[in-house]
Amino acid sequence: MAAAGPPADLVTAYALPIPSLVICELLGVPYADHDWFQELSARLVTFGADGAGALADLTGYLRDLARRRRVEPDDGLISDLTGELDDDELAGLAVILLVAGHETTANMLALGVFALLEHGRPDEDGAVEELLRWLSILHLGAPSRAALEDVEVAGVTVRAGETVALSLPVINRDPAVYADPDRLLPDRPEARRHLAFGHGVHQCLGRQLARIELRIGYRALFERFPGLRLAVPAAEVPVKHDASVYGVRSLPVTW
């Protein structure tokens, strides 16, 4: 990004490559194929796109890779699990980890930088927790939970067996938990109580990896480009209104 010079699209130059490189190394997926699987991943989380076709293509690719890793193992997770799972199971698991491992983090990196450029750039790592709370990028396709017994929520009785859809943006801006919840406050002491990664047995498997990527990613970017700023007015930054993972389609920056 520095060598190419300003301006740059932070999404393609920085936010996408970081988590893609990391998840490819962890799984043992060739990074040379990243453009292709990133396009399939984007279709999977975009409403109205051919998600079924994208899932079939990605699953087939990872099934073939699992077969190859049985005879040509590396130090990735797919190779580690070849003795425990069959090819279909490996492909299904790898799809989840590959998509979740880069789609959410890439959107958080770019959208978080957008927020920090607009609201100030603190040095504290606590800013990551507040950004996770404030942005709540899983804003559509809400997680659902089924009641195991009758329970009353805000004066409404949810019967055993009934399903409830949860809104993470509403939960993470609950005024009963967060004072002035609509403000971005990087040093907010209660920020870590957010549910951006879920809770309990449903908590995100990669939450600590995501935290590390975000902390290092934000810090390294602003240390390398202390004069980083938007290259267009904020209102002209294109955001995603048609995907289950919120983010920006591009983030033009200069320095």
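**Figure 1. R70 is partly exposed, with a relative accessible area of 35%.** (With a 1.4 Å probe and protein chains only, buried means under 20% relative accessible area, exposed means over 50%, and partly exposed is in between.) This is a predicted model, in which local features need pLDDT of at least 70 and side-chain atom pairs count only at pLDDT 80 or more, while totals for chains, interfaces and linings use all residues. Residues are numbered from 1 along each chain as its sequence is written, and side-chain values use heavy atoms, with hydrogens and water left out.

**Figure 2. R70 teams up with D87 in a salt bridge.** (That's a side-chain nitrogen of Lys or Arg within 4 Å of a carboxyl oxygen of Asp or Glu.) Here the N to O distance is 2.7 Å. R70 belongs to helix α4 (residues 51-71) and D87 to helix α6 (residues 87-119), so this pair ties together parts that are 17 residues apart in sequence. (Helices are DSSP runs of H or I with at least four residues, strands are DSSP runs of E with at least two, and both are numbered from the N terminus.) Is D87 buried or exposed? D87 counts as buried, at 16% relative accessibility. If you're wondering about the general idea, side chains of opposite charge can pair when their charged atoms come close.

**Figure 3. R43 and E39 pair up within one helix.** Their side chains meet in a salt bridge, at 3.4 Å from N to O. Both residues sit in helix α3 (residues 34-44), and because they are four residues apart there, about one helical turn separates them. R43 is partly exposed, at 22% relative accessibility, and E39 is partly exposed too, at 39%.

Figure 4. First, the backbone: phi of D180 is near 50°, which is a positive value in a residue other than glycine. You'll find D180 in the loop between α8 (168-171) and α9 (207-224). Then there's the side chain: D180 forms a salt bridge with R183, and the closest N and O atoms are 3.6 Å apart. How exposed are the two partners? D180 is partly exposed, with a relative accessible area of 40%, and R183 is partly exposed at 47%.

**Figure 5. Salt bridges that share partners join D64, R67, R70 and D87 into one network.** A search of the whole structure finds 18 salt bridges.

Figure 6. A154 lies in the loop between β3 (151-153) and β4 (156-158). With a relative accessible area of 80%, A154 is exposed.

**Figure 7. The peptide bond from P6 to P7 is cis.** Omega is near -5° for this bond. P7 is placed in the segment before β1 (8-9).

**Figure 8. S136 is a buried loop residue.** S136 lies in the loop between α7 (126-135) and β2 (144-146). At 4% relative accessibility, S136 counts as buried. Which residues touch S136, leaving aside its neighbours within four places in sequence? S136 is in contact with L131, L168, P169 and N172, where contact means heavy atoms within 4.5 Å.
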